[in-house]
Amino acid sequence: MSDPRDQILGSIRAGLGRGRLGGTESEALEARLAAHRRNRVPARAAALDHAGQVALFIAMAQEVDATVARVAAAAAVPGAVADYLSGQNLPARLVMAPDPQLDDIPWNERPLLDIRKGIAADDDAAGLTGCFAAIAETGTLMLLSGPESPTRNNFLPDTHVVVLRASQVVAAYEDGWDRLRLRGTMPRTVNFITGPSRTGDIEQRLVLGAHGPRRLHIVLVEDA
Amino acid sequence: MQATSRAFKANAHRALGNPELQRAMGMMRTGFPERRAVAIARLPEFEALRDDGIAIKNHVLAHLDFYLETFEKNVIAQGGKVHWCRTAQEARETVLALCREHGARTVTKGKSMIGEEIAINEFLEANAITPVETDLGEYIVQIRHETPSHIIAPAVHLVKEQVAESFRAAHRDLPHDRALDEARVLCDEARSVLRRQFLAADVGITGANFLVAETGSSIIVTNEGNGDLTQTLPKAHIVLASLEKIVPTLEDATTLLRLLARSATGQEFSTYTTVSTGPRRAADPDGPAAYHVVLLDNGRSALLGGEFQDMLRCIRCAACLNHCPVYGAVGGHAYGWVYSGPMGAVLTPTLIGIEEAGQLPNASTFCGRCESVCPMRIPLPKMMRQWREREFAKKLSPKAQRWGLALWAYVAKRPTLYRAASAAASRVLGFMGGARGRFRSLPLASGWTDMRDMPAPEGKSFMTLWAERRKPAPRQAATP
């Protein structure tokens, strides 16, 4: 036998008691892949209307120690962010992902909010990003990597503030996959984020902020 | 790593007499099962999802060659590379070659059981590359020169005082008299020490909970975010995965993810679920420039079509460890190799041989909790019995046990002899037990009587009672 690849595939086929799959069989498997058929999706979120899904998202996110502020319009976001930071006794300083989704927010109306646009560095204490979707089922944010959304901005700052539009809330992960496929190609990274970083590795005691953000704050903008 | 599975009995004995370990295991035995029960009660579809998950895994195993080839094709299409490795040695050498190719001096690591299986850390160290574990539990066992004692909670065998002591010994640049009495403080210290390592690393190595054929992606779940910093900051991301981790589509991975965290930690969903596909794109401001998947067989393909095939459904959630009375009493190190608990008792003999690991499938009470909580419904007790049968057939079990069994089998196959012998034995033992009705010691059974008394047989045997019942009923009771 030749290389490891052929040997492993050969050993698999020997175990399964057959040779390489024939044309019809592999076509059936190709069709299964292409269909993206959903398996069972829990009714928990799927059975709700959109307002119910938004409410479930908030409840589930709060359950895992995220905080949520609801605002009526994009114009209210800078104030909500500034209030959150001051409420946590944090400096009014942020690194902001260069995400065009965040461009309709009138940041200049809050001149005291010190914002640097770009990629996060180790000494950035707080960061602000947009997101791609939010999953009501478990209070999970879905973020994609790309030119406008560096992955490290989701992990390096101690405080992560996410601006989420109500229209981005979907019932289940499967709805997120559908939206992603509509968008086109797979990004390098899809991050599903459910609450702030945590560990239970010492005596099973829950500690927030293991390596990623200690705080996750979601500003939810009504846009429906 | 050098297996000490042969010494399970001695290891277990030591573990039972270790007060710190017993304190730590006490916290484990209640925590995980309670949280799992709560999470499952909240999801009415959980049982049906288990069946769906099993169907997905069985479908994959029946078409494993097709899905692996599809996965490879899609990894390449995204600009990554798959390295097929038959053995642990091939995998180690592949990882080393990749690290050298990327000029690595420091390598950060997310938690990977395949990394433990191929003992990658020792190998990199021997070749002048420094591996740094970044999962808090893994980091703790690494600085203590130990191995993980649990597949998802590596330091579950330790209490916080032991962690504090290890941090004082390892972090010598910090004031020696600093307070380290809370998990919170210990975690913060590890965070700041490891943050420097994340920023300095040249290569990041993670495991994979799933590989997705459709997209050529690898998926990891973590709660700390260490796996994300590990794979985002360095120049190259190496994924260590065994070949049964493959699933067809993102939808299939999603079904299994719904089972994984609930079964493991009792969370609805892990904090971070990360899907990684190829290296960074041309316009991306960050992410690794290279993406490699080291795909390990190490004896798994040989399980296909055999009596242990179902073990390849395992998603490494550790529910079987968390609910096992034996694991809960002795901890993971007693098992003497990488995998412990019921899944380890079945998997370890397939990977290092029944000669080496024969004690493990014997370390079971057959209470069946492992199978009942396994999200993949793997028949773990049945498989342990199959290993015991193989061990017996290979004449590996102790002589006294084999002769005893042979004698018993001879008598049991002859009902008249069996009844006569058991009636005689029960009369003799009943008489010897006397008024106390118990034995403090018995010949050939000191293993039992050292720890507790043996009750003496009382009254008639089941067969005698049965025979009496089948006799015609006494007349006075026959008619109303």
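Me: What's the strand order in the open sheet of chain A?
Reply: This is a predicted model, and in it the six strands of that sheet run 1-12-7-4-2-3, with parallel pairing. The twist averages 25° from one strand to the next.

Me: Which strands stand at the edges?
Reply: Strand 1 (67–71) and strand 3 (114–117) of chain A. Each has a single partner strand, so one side of each is left without a neighbour in the sheet.

Me: And how many bridges pair strand 2 with strand 3 in chain A?
Reply: Four, in the parallel sense, with strand 2 covering residues 93–96. M96(A) stands opposite K117(A) in strand 3 of chain A.

Me: Which strands does helix 5 of chain A lie across?
Reply: Helix 5 (residues 77–87) lies across strands 1, 4, 7 and 12 of chain A, and runs at about 155° to strand 12.

Me: Switching to the contact between chains. How many residues does each chain put in?
Reply: 57 from chain A and 75 from chain B. On the chain A side, the largest share is 10 residues, from helix 1 of chain A. That side divides into 22 nonpolar, 21 polar and 14 charged residues.

Me: How does strand 9 of chain A run relative to strand 9 of chain B, parallel or antiparallel?
Reply: Antiparallel, joined by five bridges. In one of the pairs, F192(A) has T273(B) as its bridge partner.

Me: Last one: how many residues of helix 20 in chain B are buried?
Reply: Zero of its 14, so helix 20 of chain B lies largely in the open. That helix, residues 399–412, reaches 20 Å from its first C-alpha to its last, close to the 20 Å expected.

Conventions
Residues numbered from 1 in each chain as written. Chains lettered and ligands numbered in written order. Predicted model: local features only at pLDDT ≥ 70, side-chain atom pairs only at ≥ 80, totals over all residues. Contact = placed C-beta atoms within 7 Å. Helix = DSSP H or I, 4+ residues; strand = E, 2+ residues; numbered from the N terminus. Nonpolar A, V, L, I, M, F, W, Y, C, P; charged D, E, K, R; others polar. Pairing = 2+ DSSP bridges. Expected span 1.5 Å × (residues − 1). Buried ≥ 20, exposed ≤ 12 C-beta atoms within 10 Å, placed from the backbone. Axes fitted to C-alpha atoms, helices over the stretch in contact; angles between N-to-C directions.
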